[in-house]
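Work through the exercises below with the model open, taking each solution one step at a time.

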Amino acid sequence: MHHLVAGALCRWVCERMADVNRLGSSTSPYLLQHAENPVDWWPWTPEAFEEARRRGVPVLLSIGYSACHWCHVMAHESFEDGETAAYLSAHFVSVKVDREERPDVDAIYMAATVAMTGQGGWPMSVFLTPAGEPFFCGTYFPKDARGGMASFRQVLEAIADAWRNRREQLDGIGKRVVDQLGARQQLGGGSLDTARAVQVLKTEFDPVDAGFGRAPKFPPSMVLDFLLRHHRRTGNGDALAMVAQTCERMARGGMYDQLAGGFARYSVDGQWIVPHFEKMLYDNALLLDVYTQWWAISGAPLARRIATETADFLLAELRTPEGGFASALDADTDGTEGKYYAWTPDELRDVLGADAGWVIDLCDVTGTFEHGSSVLQLRRDPDERWAPVRAKLLEARSRRTYPGRDDKVVAGWNGLAITALTRAGVVLDRPEYIEAAQAAAELIRSVHLDAETGRLHRTSRDGTRGTAHGVLEDYAAFAQGCLTLFGATGDLVWFRTAEALLDRTLEQFVADSSYFDTAADAEELIWRPQDATDNATPSGVSLAAEAFTTLASLTGSARYETAAEQALQASAAIAERAPRFAGRALAVADTIAGGPLEIAIVGASPELRRVAFTQAQWGTAIVAGAPGLAVPLFDGRALVDGRPAAYVCQKFTCRLPVSLPEHLRDALRPTG
């Protein structure tokens, strides 16, 4: 009888919660994944915390993202369970947040989680007072206790008991955590010594398997960008060698999709073999830029192939009907991580017949995973048999269930893609990449950017703008994307858009010469986050340093130059202490150390434009446009004898113009 009553109660709760779950109108695919949970979810709103105050209960804040494997596991185990939903409904107000939509909320409570537990991750499970103060933090909790880890239900019961019987103690913990987090925000101090950073990185480099540190290994895209810029400026061979070895190992291993292109989030092991299968827009945009730059410097055929395949992956699998780029592809298929990408020897024999043995050996299909499957690797360049084999495998894979796609468009990550695709389009002579960058930029400008207020919104989906305000990352990355696009096209709309965004950045994100990640007119949280760490993506402040450096080079404005210096100084302490987590800041510092240069290409000359983008230090301000283009860098610059001409300048003092690509190549040859 007890089980019958419990079952009836669960069914009643599920039906009731399905009616009142408040996530159904969200533009976040992650929140929509939970819209039919029996849990009485609230989105992050003031009303949710008011409800907690009214009822006198704590808040469960659950933060994750749509491509997160363990988020799915916890959802299936706990949030789809009627008994768990009933307990949550009785004792908590449950709030669900997409970390990609609200990085400000995520940053605050991730800092609290790391401070209280020593580690972080997603799903993040944080228990708050109705004032938003965290008093207990964790990540994934299993449905059943195991390995010394309490079950989620045990955690909920312990929190509910403590709230009833030791409320004052929990309130005190929350207030202390907030005070301590606020006190930790000290940006700045230290030096951006790029030569020293290279020496430190050499000590952390894995000489056998490449990359930095131990497993798991994440693609160190921003560090590689820095090392390439440093090599180009100084000729440092160690810097280039670390890049070449890392880029080759990543591209030949299982973390790279050998069939369709694109990189997975990271490698579980230290040899780049076993991927964590989600594919993120930001990783692939940043790595596209790295491989394009590596090819521009080295001419390595592998670099060009991977850059081209990664760009093609972005256009084929992440592009949305509106012209933007979706956030991610899921790690799971049919409830199994990596099922879409892995192959067993028998599956290969079924598809390839006589060629299967060659492919099994070539791609090292040795049964890495359960059921004897493996991801494909290409440890050596294949012969001419690979192209038809690849086509057959792609066709066979297309009949599998495709991974879920988080199709929200994030302004900042699209900014990274716009920059990378524009550079790749020019350097690799692929105009379709530039066209795709323009379409994405137009979507962000027309949908995300509020023409009346100048405010940039972080996300959209299906052409509908989300409610979350843009953070510093969004303003700076999109501004840099616009400036790069302006450089390639000479279309003034992108210059004006970037200038307006960066003017608003100075107005809203800077106070007392210090950069914040949220705008002054954004929602007030328990503290205003500042983080100069270049981690999975470049920090907002290092992105701002680059965008302001570019804008200063185009305009000659001391105001923007000062803004860039202030932004770069915010990263100095991290760069000195841990250069692996200041890659973009160090890259910008290296570009500045090389000049920075400005290149004005007056008149239509794809050849001069390609030489400028290929041979100049990454981050150099380049503009190719018609004579008389209304930007300060073009003042006084004209055609030479009626022919297009390139002016190489520093602080608006220019060398003699050149009209031949080889002369421009000579002018851009490093002297360091």
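**Exercise 1.** Describe the lining of the largest cavity by residue class and by element.

*Solution.* The lining of the largest cavity divides into eight nonpolar residues, six polar and one charged, where Ala, Val, Leu, Ile, Met, Phe, Trp, Tyr, Cys and Pro count as nonpolar, Asp, Glu, Lys and Arg as charged, and the others, Gly among them, as polar. The volume of this cavity is about 150 Å³. Among its 15 lining residues, Arg423, Thr484, Phe613, Thr620 and Ile622 are the closest to the centre. Two or more residues come from each of H19, helix H21 (540-555), helix H25 (606-615) and strand E18 (621-625), and H19 gives the most, with three.

The model is predicted: local features need pLDDT of at least 70 and side-chain atom pairs pLDDT 80 or more, while totals for chains, interfaces and linings use all residues. Numbering starts from 1 along each chain as its sequence is written, and side-chain values use heavy atoms, with hydrogens and water left out.

**Exercise 2.** Is Glu473 buried or exposed, and which side chain does a polar contact join to that of Glu473?

*Solution.* Locate Glu473 in helix H19 (residues 472-489). Its relative accessibility is 10%, so Glu473 counts as buried (under 20% relative accessible area; exposed is over 50%, partly exposed in between, with a 1.4 Å probe and protein chains only). Finally, the side chains of Glu473 and Arg458 are joined by a polar contact of 2.9 Å.

**Exercise 3.** Where is Thr419 placed, and is this residue buried or exposed?

*Solution.* Thr419 lies in helix H17 (residues 411-427), and because its relative accessibility is 8%, Thr419 counts as buried.

Conventions: Helices (H or I, at least four residues) and strands (E, at least two) are DSSP runs, numbered from the N terminus. A polar contact is a pair of N or O atoms within 3.5 Å; within protein, one must be able to donate a hydrogen and the other to accept it, and residues adjacent in sequence count only if both atoms are side-chain atoms. On a 1 Å grid over the protein atoms alone, a cavity is a set of points where a 1.4 Å probe fits but cannot get out, and a pocket is an open set with protein on both sides within 12 Å along at least five of seven lines; lining residues have an atom within 4 Å of a point. Grid points are joined across faces, edges and corners, and a volume is the space filled by probe spheres set on the points.
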